[in-house]
Amino acid sequence: MKVAPVQDVLTIQQAADLLNVSRPYLLQLIERGDIPAHRTGKHRRVRLAHLMRFKADLDRASNEAMAELARQGQELQLGYE
């Protein structure tokens, strides 16, 4: 785990590290419009607030999917409690 000062604006690599994804994948998310970014000169930057909002949405969707799988497992009596 890395400990670093909290910044309002992150480089693409810092943002990718925070999400634990590759830099190219993060760039795909940005190009798709899933995460807002802006340019500073020729470099892109991501606001920490936008990144944390994306992560919260991703975590929420993951939790909902897990709950649905658990519900289906119980409904089908697959032995999951």
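Tutor: Happy to. In this predicted model, helix 3 covers residues 48–75, and its 28 residues should span 40 Å at 1.5 Å a residue; the end C-alpha atoms are 40 Å apart, which agrees. Along helix 3, the buried residues are Leu51, Phe54 and Gly73. Leu51 and Phe54 belong to the buried set, and residues three or four places apart in an α-helix point the same way because there are 3.6 residues a turn.

What do the buried residues of helix 3 pack against? Their partners are strand 1 (9–11), strand 3 (43–47), helix 1 and helix 2.

Two of those partners also meet each other. The axes of helix 1 and helix 2 come within 9 Å and cross at roughly 100°. Angles of 65 to 115 degrees count as roughly perpendicular, so that is how helix 1 and helix 2 are arranged. From helix 1, Ile12, Gln13, Ala15, Ala16 and Leu19 take part in the contact, and from helix 2, Arg23, Leu26, Leu27 and Ile30. By class, this contact has 7 nonpolar residues, 1 polar and 1 charged.

The loop between helix 1 (12–19) and helix 2 (23–32) holds Asn20. Although Asn20 is not a glycine, its phi is positive, about 60°. Most residues other than glycine have a negative phi. Asn20 is exposed, with a relative accessible area of 71%.

Back at helix 3, Gln77 follows the helix and has a positive phi too, near 55°.

Key: Residues are numbered from 1 along each chain as its sequence is written. This is a predicted model: local features need pLDDT of at least 70, side-chain atom pairs count only at pLDDT 80 or more; totals for chains, interfaces and linings use all residues. Side-chain values use heavy atoms; hydrogens and water are left out. Helices (H or I, at least four residues) and strands (E, at least two) are DSSP runs, numbered from the N terminus. Buried means under 20% relative accessible area, exposed over 50%, partly exposed in between (1.4 Å probe, protein chains only). Axes are lines fitted to C-alpha atoms, for helices over the stretch in contact, and angles run from 0 to 180 degrees between N-to-C directions. Angles under 35 degrees count as roughly parallel, over 145 as roughly antiparallel, 65 to 115 as roughly perpendicular and the rest as oblique. Contact means heavy atoms within 4.5 Å. Ala, Val, Leu, Ile, Met, Phe, Trp, Tyr, Cys and Pro count as nonpolar, Asp, Glu, Lys and Arg as charged, and the others, Gly among them, as polar. The expected span of a helix is 1.5 Å times one less than its number of residues.
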